[in-house]
Amino acid sequence: MGISFSVLSSGSTGNATIVRNEDTTLLIDAGLSARRIDELLKERDMMGEEIDGILVTHEHSDHIKGLGAVARKYNLPIYANEKTWEAMSKSLGKIAEENRIVLESHEVKDFGTLRVEPFEISHDAAAPVGYCFYDGDEKLGVATDLGYVSDKVKKALDGSDVLVLEANHDIEMLRMGRYPWNTKRRILGDMGHLSNNSAGEALSELLTGDTKRAYLAHLSLDHNMMDLAKMTVRDTMEDRGCFFKDSEFKLCDTYYDRSTPWDKVGD
């Protein structure tokens, strides 16, 4: 079967992604209500009872809003590093002690035949992480909510067959937008969010013969549009010498209000 995944929701209104293989199903973040997550799972012909655990990237509300409720409803273990647990515990309500599991950055954990490896990213949270998933020769890399793509992040994502990478904002739209300057400076900074241009620069370095698709994620509703993000990323990649055909590599959409179709990483 290999790895399959669906980005259930992506953006500042809430984030959740489902990743599975033949024997394990994991949810990355639960930034929407438990009811909404159930609705999005239903879109993908799934039920919450099929989930084996929840991986947390960081403690911001758009990533943990429904975490406590989902974990209690389905009696699920939650995996996060110690600093993230400290930052989010008060927001979750009561969590059974056996479901509070520490998974530190760079600590590899096998969930049956699905291997998970968290890695550190740069964001204004306690100890934010991205995740890589492995099954045999297949690799899925997921990195959103990061101010820049460091060499360590590039190393972690290197060799991914499919990537889910943040393309949060168009720089000029953000600069001209209604946010106060302090907020704009935060988003533009190294502890903020990845711009379309920065996503294109990162993908130009990460693109290998093995990389089939990249999903552009966590788009700002106020300061980005999917068509603009894809155009800017593509133009940036081509300016840096990456010329590709859609049959060889595709840029794919994510949505804040609906889930993406199942994607089989090996296909």
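Where does Ser105 lie? Select Ser105: this residue is in the loop between β6 (100-102) and β7 (109-111). Helices (H or I, at least four residues) and strands (E, at least two) are DSSP runs, numbered from the N terminus.

Before going on, note what is on screen. This is a predicted model, in which local features need pLDDT of at least 70 and side-chain atom pairs count only at pLDDT 80 or more, while totals for chains, interfaces and linings use all residues. Residues are numbered from 1 along each chain as its sequence is written, and side-chain values use heavy atoms, with hydrogens and water left out.

**Stop 1: around Ser105**

Stay on Ser105. Is Ser105 buried or exposed? Ser105 is buried, because its relative accessible area is 18% and buried means under 20% (exposed is over 50%, partly exposed in between; 1.4 Å probe, protein chains only). Now show its contacts, meaning heavy atoms within 4.5 Å. Beyond its neighbours within four places in sequence, Ser105 touches Asn81, Pro118, Glu120 and Val129. Next, draw a C-alpha to C-alpha distance to Ser198: it reads 24 Å, across 93 residues of sequence.

**Stop 2: helix α8**

Select residues 196-206, which form helix α8. Colour its buried residues: Asn196, Ala199, Gly200, Ala202, Leu203, Ser204 and Leu206. What do they pack against? Their partners are α5, β11 (162-166), β12 (213-217), α9 (226-239) and β13 (250-252).

**Stop 3: Ser150**

Move to Ser150. This residue sits in the loop between β10 (138-143) and α5 (151-157). Ser150 is buried too, at a relative accessible area of 17%.

**Stop 4: the annotated domain**

Select residues 13-218. An unreviewed UniProt entry annotates this range as "domain: Metallo-beta-lactamase". UniProt positions follow the numbering used here, feature names are shortened, and annotations may be inferred rather than shown by experiment. The range is 32% helix and 25% strand, and its end C-alpha atoms are 9 Å apart.

**Stop 5: the whole protein**

Zoom out. The protein has nine helices and 14 strands. Its C-alpha trace spans about 50 × 45 × 35 Å along the principal axes. Of the 267 residues, 57% count as buried.
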